[in-house]
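Visitor: I am new to this structure and would be grateful for a guided introduction. May I put some questions to you?

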Amino acid sequence: MEHIRREPKAPSQSPAPRQLGFTVPDRINHNPEVEINEVAFLNRALKEAITQGATYVHIEPADDGVAVRFRINGEYQEFVREARDVAAVMTRLRVLAGLPVVAPFGQEWGVIEFQSEGKTHLFGTQMLSSVSGEKAVLQVLRETHMDSRRLNDLGMLDGQLATLKSALEQRSGLIVLCGPPGSGLETTAYASLLRIDRQARSVATIELVARGHVPGVHQMEAGDVDEKNAMLRAVMRTDTDVVYVRDLTGVESAALALSAASEHNKLVIATLYSSCAAAGLMHFVKLGIEPWLVGTGIALIQAQRLLPRLCPECRKNALDLGAPPDEQPAGKKKKKRPPEHLMSPRASECDKCDGLGYTDGKILVCESMPFSGHMQQWLIEKASESEVQAAAVQQGMTTLRSMALSLAREGVISIDEVYLHTPPE
Ligand SMILES: [Zn+2]
């Protein structure tokens, strides 16, 4: 049985008092027909969000009622717009997320547990106020049947995979997984946890909401940053060998993770919202943490992206039309861009992708920067981010851009996506 914690967590920083009060209709539960309609409306939206692979669902007031938009593969798309009572829909959402329905509202963040086709899905639900009414942003957190993909299946290059596996075998050190939201950091983190021998090592996780149940792991849910830091301090004092911490953005979390890795002999796996490996490293320095602590703590920084996979059928059609092969050389700057139709090959009547040009699923692109004595020196000498990046490349690091370009040359992803989503070298 999966353990699902349903209690909503209040953020540490209590939401500001509402500028615009909303009156919750006093007909809640008075009109069963309307209630059922709202439930059916939300059920339909959440079910479709899962089917379409949305990462976020926005439910918001529209001129003529309520609009539901999905974020799929980074793009916003409207799913439905209906003439409905926004306040009634929001009230129903608050009930589902375990949030107060009578003003003044105290907690603004909750979790909706949603059952669909035998699986339980969790939606982190943030309520926001605006001049036109209340809006809800739902993040698709997980289904309880955890994504148990193995590290080998994620799509890393052999060298990157070997580097990560080697870091995971160490007794101590900080492994930082960097990237923007939606870059698959949690998937890599969980695949890493699954690789660790949980019989032989004591493993804990600290997250806002546990992504999935992992047998043999002590999973903790922190309602806010303060609670997360308190849990990290507790882990440092206890007999824990490995800890996964989601999001090291704050200075205290970052310093604690480094301290756990260097002074308390823990293996720490952490995620960080940062554009590339060099930026991830410099993040710690910019927070004002002593270079010696950064240097002794960090074992590996891996940056990653998930890029949309081109529809193979459209690609084939584009080539059949006589398109020239992609002539993007890997190592040169100022590349000549390929013809438009090759950048996003698509066929308006393609059955495989409905003319979108992309098929389901994304492909991982990453860069792996193991920490070395050289890097310690760079930190002490206050090297810039670009200098760190250049030196890492000189030592053989495959960058996000170069790995993505290779995939574009193979026709797996579009050149557009490479330039859009990977930092220049
Ligand atoms: Zn297609």
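Visitor: At what angle do helix H7 and helix H12 pack?
Guide: In this predicted model, H7 covers residues 277–286 and H12 covers residues 385–394. Their axes lie 9 Å apart, and the helices pack at an angle of about 130°.

Visitor: How many residues of the contact of H7 with H12 are nonpolar?
Guide: H7 contributes Ala277, Ala278, Ala279, Leu281 and Met282, while H12 contributes Glu385, Val388, Gln389 and Ala392. Of these residues, 1 is charged and 1 is polar. The count of nonpolar residues is 7.

Visitor: Is leucine 157 buried or partly exposed?
Guide: Leucine 157 lies in the loop between strand S6 and helix H3. A residue is buried if 20 or more other C-beta atoms lie within 10 Å of its own, and exposed if 12 or fewer do. Because leucine 157 has 16 such neighbours, its class is partly exposed.

Visitor: Which residue of S5 is the bridge partner of tryptophan 109?
Guide: Strand S4 comprises residues 109–116, and S5 comprises residues 119–130. The two strands run antiparallel and are joined by 8 bridges. In S5, tryptophan 109 is partnered by glutamine 126.

Visitor: Which residue takes a positive phi in the hairpin of S4 and S5?
Guide: This hairpin has 2 residues between its strands. The residue with a positive phi, near 50°, is glutamate 117.

Terms used
Residues are numbered from 1 along each chain as its sequence is written. This is a predicted model: local features need pLDDT of at least 70, side-chain atom pairs count only at pLDDT 80 or more; totals for chains, interfaces and linings use all residues. Two strands pair if DSSP finds at least two bridges between them. Helices (H or I, at least four residues) and strands (E, at least two) are DSSP runs, numbered from the N terminus. Axes are lines fitted to C-alpha atoms, for helices over the stretch in contact, and angles run from 0 to 180 degrees between N-to-C directions. Two residues are in contact if their C-beta atoms, placed from the backbone, lie within 7 Å. Ala, Val, Leu, Ile, Met, Phe, Trp, Tyr, Cys and Pro count as nonpolar, Asp, Glu, Lys and Arg as charged, and the others, Gly among them, as polar.
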